[in-house]
Amino acid sequence: MSTIQRDILYLFELPFEDITARRAHGSFAYNLKDRPVVENRLGESPPTTVVQVPARPDAAANRLGKATIVPRGSVFSTFIDEHREAAKDLSDAFMRTTDAKDLMEFAAQVKDLVNESLFIYSLSFTILRKKELRHVRLPSMVEVFPTRFVPNEELLQTQVVANRMGASETSPIVIEHGPDFSSTDIKPEHRVSYWREDYGLNSHHWHWHLVYPIGFGEFRDRKGELFFYMHQQMLARYDMERLSVGISRVEKLNNWRVAIPDGYFSKLTVNNTGRTWGTRQDDTFMKDLRRADIGLDNIDISHLETWNTRLMEAINKGFMINRSDESVTLSDDVTSGKRGIEILADTVEADFFDSVNYEYYGNIHNMGHVFLAFVHDYNNAHKEEAGVMAATSTAMRDPVFYRWHKYIDDLFQQYKITQPPYTVEQLSLSDVIVNRASVIRDGMTNSLTTGFSTRDFETSRGIDFNSRVPIILRLTHMDHSPFEYHLQVTNRHTGPKQVTVRIFLAPKHNEQGLEMSFMEQRLLWAEMDKFLVTLKSGENHVVRSSKDSTVTIQNEFTFRDLETRPDTGAEIGDFNFCGCGWPQHLLLPRGKSEGMTFQFFFMLTDYEKDKVEQPQGTTSTCANAVSFCGIMDSKYPDSRPMGFPFDRKSPRLLNENVKTVADLAQLDNVMLQDVTITFMNRNMQQ
Amino acid sequence: MATDQGKVLRLLEKPYETQRSDGTLDIEFPGELGVTERVGGTPPTIGARGGAQLGQATSVPRGKAFSLFIESHRRAAKDLIDAFMKTDGLQGLVELATRAKNLVNESLFVYAFSYVVLHKKDLHSVRLPSLVEMFPNKFVPQEDIMKAQIEANRRDPNDTAPIVIEYGPEFASTNIKPEHRVSYWREDYGINSHHWHWHLVYPVGFGEAPDRKGELFFYMHQQMLARYDMERLSVGLNRTEKLENWRVPVPDGYFSKLTVNNTSRAWGTRQDNSMLMDLRREDIGLEPLDITDLEIWRSRIFDAIHQGYMNDRNGEKVPLSDNVTSGKRGIDILGDAVEADRRLSVNSLYYGDLHNQGHIVIAFTHDNDNAHKEEMGVMGDSATAMRDPIFYRWHKFIDDMFQEYKLTQQPYTLEELSLPNVVLERVGVLSKEQPDALTTGWTVREFEAFRGLDFNSNAPVNLRLTHIDHSPFDYHLQVKNQLQTPKQVTVRIFLAPKFNVRGLEMNFMEQRLLWAEMDKFTVTLKPGMNHVVQPSKDSSITNPDEYTFRDLETGPQPGTSRREFNFCGCGWPQHVLLPRGTPGGMIFQLFVMLTDLEKDKVDQQGNTGRCANAVSFCGILDSKFPDGRPMGFPFDRRNAPQFQSAAAFAEQLDNANLHDITITFLASGLQK
């Protein structure tokens, strides 16, 4: 581990503890001039590494702008305007530091002045942005904030064990969590809780919003469109999971005047003193929001309804109205400027800087999160904390997240349906023929398996248990056996041909067990991979590992991974990702115990038409999960509308409307293959 | 500290920790139980050693809520108590309890063990420590406790200065809801502790029936409501409305911020506007129960009240009347059937379990079917229920049934009310030499939180609770005894607000349920003029501050009277004796009435008078309730036509007197 990585890394340890608290199992400490390192605990030897941190007048609380307005120990929410402003002010201050050492010293000085989650968010944001920190990696959120991933009761049981433990004990304490989750199967929604409460899923969502922040005035190529697409893809995957466990696809939450049937009790805590996240009972009504105590303006459900009306007006008329009262046309077939979906999404999410007209179209997606986070105590009568919907690292645990995003996605789909269907020319690729496509796992063809695995994290990195032994968190999560895609492709060109391979997966049958029309199946297609291949003239056998998927990342880094990471060499390979990306272990839907039929959809397109010119000097940092997360500081590397070819209504081929996806597969460059996914209900590591 | 008291205290310390022999204890441990049980370990079974049978005592899981309102939990408590009571002497009890402590639910253990300490004849000299110290997590929010834990974790281990958790007077809600204004009272440690003790002294379904238990259930809860309403009027709120429509949302929610155990399992919460739901919680041993069941029970009980009789199991009529010369009074029969005590109810299958099941239905409104694996709400535990505004609305409904019955009784006759030849000429109160002007304000009390929770700290962790209090005062009575001989009389003192929420004086019926009993004592009047002085601290409803572990370890201080040490935890907290009043001074009426002890007295057969400090609310242990009149006399019945107001009552009766006093709330803190 490099010194810079080390000195930055330990700023992420024990976020709720004083900066001077011992880190790295007591071996490391920051020494602030005016705040001496804390005393040795019983049986503890002095730290072997002490980093000196000089006093910093520029790190005083009154020089941090709004950064200190979010109280310590309470929820930090990027969905709340004022919190975003706080994050921007702190990130700006971090960015003003001159180099890694300067950043470390500044951050160490401000850490105990600002909200803990805000600190981690802004520091992470800065590390991803600052050029000289490109090789610094972020530790897993699970280790930084175990309270967001494991019920407090399990953590506290561990504290009790640690308190009682004899001095001679050296074996770690292990907290096992899952696959029993925060609800019971009395409610059908519980059946997918193993998925909603997956650590990788929630960690991804946190990272995604870290990479694509709103209200920071930062340019990100196709940010709005990716907001639409990434969330649409999460919904497609959620629906695949729901069909796997026998429940219907998610219903949008578009009536805000009736009770919400499904409540949620996360059992998680906001901080290290057991402050619980807000809970929501079954059959709770959304309420007009009166939470001035956390800096929110009063807002009514009528506001959401008004914004919804105006957005639908824009979608149905084909243009939005900007601040100067001019029409801004919405179309995805543009040769320059932003696509319509991009304009719409920036306005819906909403980004104060990128919205066409923030005052008029409002802030519907963010405020929906906030409304739903406060249904249990909308007026602070009970001094209750926000619910999990308020934080990106916890929101996806709650069933209402998907219902809300289904509503948001429905706005986007209403727009997408207005776009002309793709033409044969846009869809086909002449002289390239996919003869055969299949997936192979352990020598078996078109038969995939899923099950459970466990992953260990070190909880004592995030929470101080005052324990002499490490506290290990063992999380049970979904997993699958790795597999490979095999494609037999004929290139009839005389020379090599560069093509983009696009792979999607969807269930073959709907809730009633019937095959679906193109339009019914359209929103279920989950992108599995997208990669570039150079086909030589003639026959080609293309093999691609599931582990190389452009939507996923491998496991996140633990503190220990980073501590033992080599300083040089292997960095470019295994360590070239930045936390954003769908968890590899959730690449496949669960399937059924008796096997469930899915369809793999393979499509080859012309790289000449797909490719994007990258500006000079861009690196490919953090480019592991490009389909969901883009590439740091670069353009999104696929020029097609995201979701192509399923983002629009069914095309016409040979003067006939495509009725099912099989009709589309008549194209030479497209192949459809049935695959069975069988849920083994056992540990995949054994 | 090998005294009996010391051994008992050790067993009540740190209820969530498994008992172990760490050298400081002088309890002998059976070998295989000396080892600490780790989380997830399988507990050894006591039966296997051929010792006592614990029956269903282990059926309530450790770390979860224990509720006296749940029948299966009561059975578990009874089985454990029975096992404890069968032990031989203190040593036998301590041995069994030491082993049982690691096996049974923590709250159940403390409840059953406390019950046995009160009832076992050879433990008469042993006192119970404060519930606040045994279960700090039932009195102080989790966050405040955890902050102390963190402080302990961060501390230099050599630093032994106490860590102090300060709590109050800011409570679990905000004043956005009017109900918040009385939260300092609802969340008072003494009130909640009293309620726990009361249900310890008057348990349901244990077979043994303390004298007039059903009637006292009615009266003690009615009195708590009267006091709550006085408090509400003090802070400008309307009186409590009964919760009698169970098909509409309950406007006021409650989020206690407390935890059930030491691993921060949260008590269930209730959002505003929650609906009561049919109960499906077999997971904790409850039979499915519908709101309809409650409605049917209510309708049958009203049938009984309006017809004047209940039907027993054999279909025979059991008349309900308070004017009886032998057997149970109607209110006593009704109280047992409503609470309900399965063994004492006239017909528990028919009249159901209304009061208890109401607590349970309310405790589970947030997760009626276990969809969310949520713990019950505070309404499930007698030590926490009084924190929730809905407790009072539910008990107002229960009380309303009793009042419906009471109004069917004949008004008291002049003969029953008067006392010839005794004239109560003047009454008043004196506090700090000020006549008729009382003051209330805040004070603090410290407890040792580390007695209940293990903070793994070398420094003591203390709890500093801010609570309402008042300056002590004396009642002064001028009484003329016109007889030639001394006369023994009972002095009955009540307090009520003079004005209703609209600022108007009340008639007898409107004010009737606001009268809070302040004291009741006997005096012997010599012939001629008498000046009777009674200190407020000697009230027959209150007990002085509860004992801390430290108090009990050091024993009674020299000079402590036997009376002061002779209480057993049950009793209204002395510091909440007075309603808060208002900063500008609020006018209350003091009502004093003298009655003939000859007519009031009850024949006690050689009882010991144990635990006799708060007799009006708690009775006397193993003895008869020492007042022969119906509880609440003379306000428990409707007025006779000639008494249209309490003032008219006092004017027309020589033995009664009414006097205005002012209670002023000094928000800045109380100077005692």
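The exercises below concern a predicted model with chains A and B.

**Exercise 1. How many residues of chain B are in contact with chain A, and which classes do they fall into?**

Solution. 
1. Start with the contact count: 52 residues of chain B are in contact with 53 residues of chain A.
2. Turn to area: the two chains bury about 4,400 Å² between them, with 47% of it on carbon and sulfur atoms.
3. Look at polar pairs: 18 residue pairs are in polar contact across the interface of chain B and chain A, both residues being at pLDDT 80 or more.
4. Sort the chain B side by class: the part touching chain A has 13 nonpolar, 21 polar and 18 charged residues.

**Exercise 2. Find the number of salt bridges between chain B and chain A, and describe one of them.**

Solution. 
1. The count between chain B and chain A is 4 salt bridges.
2. One salt bridge pairs the side chains of Glu153(A) and Arg265(B), at 3.1 Å from N to O.

**Exercise 3. Which cysteines form disulfides, and where do the partners lie in each chain?**

Solution. 
1. A disulfide is a covalent bond linking the sulfur atoms of two cysteines.
2. Over all chains, a search of the whole structure finds 2 disulfides.
3. In chain A, Cys580(A) is joined to Cys629(A), with an S to S distance of 2.1 Å.
4. This pair links distant parts of the chain, 49 residues apart: Cys580(A) is in the loop between helix 18 (571-574) and strand 15 (582-583), and Cys629(A) is in helix 20 (residues 626-629).
5. The torsion about the S-S bond of Cys580(A) and Cys629(A) is about -75°, so the disulfide is left-handed.
6. Buried means under 20% relative accessible area. Cys580(A) is at 7% and is therefore buried; Cys629(A), at 7%, also counts as buried.
7. In chain B, a disulfide joins Cys570(B) to Cys618(B), S to S 2.1 Å.
8. Cys570(B) lies in the loop between helix 18 (562-565) and strand 13 (572-573) of chain B, and Cys618(B) in helix 20 (residues 615-618), so the pair ties together parts 48 residues apart in sequence.
9. The S-S torsion of Cys570(B) and Cys618(B) is about -75°, so this disulfide is left-handed.
10. Cys570(B) counts as buried at 7% relative accessibility, and Cys618(B) counts as buried at 6%.

**Exercise 4. Is Glu106(B) buried or exposed, and which residues does Glu106(B) touch?**

Solution. 
1. Locate the residue: Glu106(B) is in helix 4 (residues 106-119) of chain B.
2. Its relative accessible area is 6%, so Glu106(B) is buried.
3. Leaving out residues up to four places away in sequence, Glu106(B) touches Pro15(B), Tyr16(B), Arg62(B), Gly63(B) and Phe135(B).

Conventions:
Residues numbered from 1 in each chain as written. Chains lettered and ligands numbered in written order. Predicted model: local features only at pLDDT ≥ 70, side-chain atom pairs only at ≥ 80, totals over all residues. Heavy atoms only, no water. Contact = heavy atoms within 4.5 Å. Buried area = accessible area lost by both parts, 1.4 Å probe. Polar contact = N/O pair within 3.5 Å; in protein donor to acceptor, adjacent residues only side chain to side chain. Nonpolar A, V, L, I, M, F, W, Y, C, P; charged D, E, K, R; others polar. Disulfide = S-S within 2.5 Å. Helix = DSSP H or I, 4+ residues; strand = E, 2+ residues; numbered from the N terminus. Buried < 20%, exposed > 50% of the residue type's maximum accessible area, 1.4 Å probe, protein only.
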